[in-house]
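Reader: I'd like to go through this one with you, term by term. Can you show me what we're talking about?

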Amino acid sequence: LLGNIEFFEVAFFSQLLTNITNNLPGFCAPEIAPLNRDLVIKSLTAIQKQEELHAIGVNALLANAKQPPLAPCKYTFPVHNFTEAILFAQTITDAVLGTIPEIQLQFALDGGDEPQTIILLGSILAQEGQQDGFFRYIQSKTPSAAPFVTGGSVSLAFTALQRFIVKDSCPQPLSTINLPTFGPLTIEYPTKIEARNQTLTFNSDDEHISSASSVVYLSGQNLPVTVPVLDYYQVSGAPGLGIFTADFPFEAGFSNGLTIAVVVNGKGPFASVDAVANATVAGPAFIQVN
């Protein structure tokens with residue numbers, strides 16, 4: 001999983017640099033201003049090279065475990081300009097920051113002699129944090145969003161990653177990764193959500209969602225927050241597509257930065273991120289609150 005994430009990041013930053021250096025529409029100096037274009041190119045070049053080394057490091061771990069090396073897939077990136085690209089970079093980096101500790105924990109608990117692996121992953125984790133501060137600063141946000149990053153799950157990260165991979169384009173089939181894949185979940189206007197209590201609108205074509213389902217939010221290192229699915233209905237003329245709302249109780253103790261939303265069957269409560277992942281049927285959807 002981590003190797004696929006690193007190759008995805010290499011491809012994204014390579015494409016972003018190509019767009020900027022070739023002055024493609026939406027990525028020219030006026031869209032980058034008031035930032036210095038040369039500094040942005042220098043910074044993104046460094047990040048892209050660092051991600052390449054992260055991928056090489058993960059392949060070294062695989063080689064040490066007598067596993068074949070990974071190679072990149074083909075990807076699609078849902079960005080059309082510099083502003084969207086930097087927000088996307090922040091969001092995927094936030095998700096990685098929450099996932100790596102889970103991977104470290106699995107290495108620590110598997111009974112193997114792998115302290116250097118855990119240290120290497122910690123080094124990647126810290127370096128990704130430096131990147132995230134840069135992405136936030138570019139958007140005139142404080143470099144750090146909150147005291148604690150939002151915890152993640154390897155299965156949620158695996159599902160999210162697949163949204164950006166061209167089907168059947170991976171040299172090593174994703175089916176060889178022993179992790180579940182959840183149904184899609186989309187939230188309307190995820191980048192326009194303010195830091196206040198409100199009602200959010202979701203849609204999904206996952207067949208397991210009904211009016212008896214719940215939305216669970218993961219924010220910072222807080223306990224998961226569970227709220228009921230409301231006003232669920234099937235869209236006429238769009239077989240299988242359901243739309244529903246759910247309360248977003250931000251003032252109940254949510255953190256700035258990344259919040260992860262998933263849909264589960266049942267009412268909870270859930271004591272951990274892993275418990276949420278085990279009950280998930282659709283998601284994740286990523287929410288950025290500043």
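Reader: Which residues lie nearest the centre of the largest cavity, and how many line it?

Author: Quick background before that. The model is predicted, so local features need pLDDT of at least 70 and side-chain atom pairs count only at pLDDT 80 or more, while totals for chains, interfaces and linings use all residues. Residues are numbered from 1 along each chain as its sequence is written, and side-chain values use heavy atoms, with hydrogens and water left out. Now the cavity: 16 residues line it, and Ile92, Ala95, Ala157, Ala160 and Phe286 lie nearest its centre.

Reader: What makes a set of points a cavity and not a pocket?

Author: On a 1 Å grid over the protein atoms alone, a cavity is a set of points where a 1.4 Å probe fits but cannot get out; a pocket is an open set with protein on both sides within 12 Å along at least five of seven lines, and lining residues have an atom within 4 Å of a point. The structure holds one cavity of 30 Å³ or more, and the largest cavity has a volume of about 210 Å³. That volume is the space filled by probe spheres set on the points, with grid points joined across faces, edges and corners.

Reader: How do the lining residues of the largest cavity divide into nonpolar, polar and charged?

Author: There are 13 nonpolar, three polar and no charged. Here Ala, Val, Leu, Ile, Met, Phe, Trp, Tyr, Cys and Pro count as nonpolar, Asp, Glu, Lys and Arg as charged, and the others, Gly among them, as polar.

Reader: And how much space lies in the largest pocket?

Author: About 870 Å³. Of its 28 lining residues, Leu1, Leu2, Val58, Leu62 and Phe107 are the closest to the centre. The lining divides into 16 nonpolar, nine polar and three charged.

Reader: Why is the pair of Phe250 and Phe254 called tilted?

Author: Rings of Phe, Tyr and Trp (its six-membered ring) pair if their centres lie within 6.5 Å; planes under 30 degrees apart count as stacked, over 60 as edge-to-face and the rest as tilted. The centres of Phe250 and Phe254 are 6.1 Å apart and their planes are at 50°, so this pair is tilted. Both residues are buried, too.

Reader: Why does Phe244 count as buried?

Author: Buried means under 20% relative accessible area, exposed over 50%, partly exposed in between (1.4 Å probe, protein chains only). Phe244 has 1% relative accessibility, so Phe244 counts as buried.
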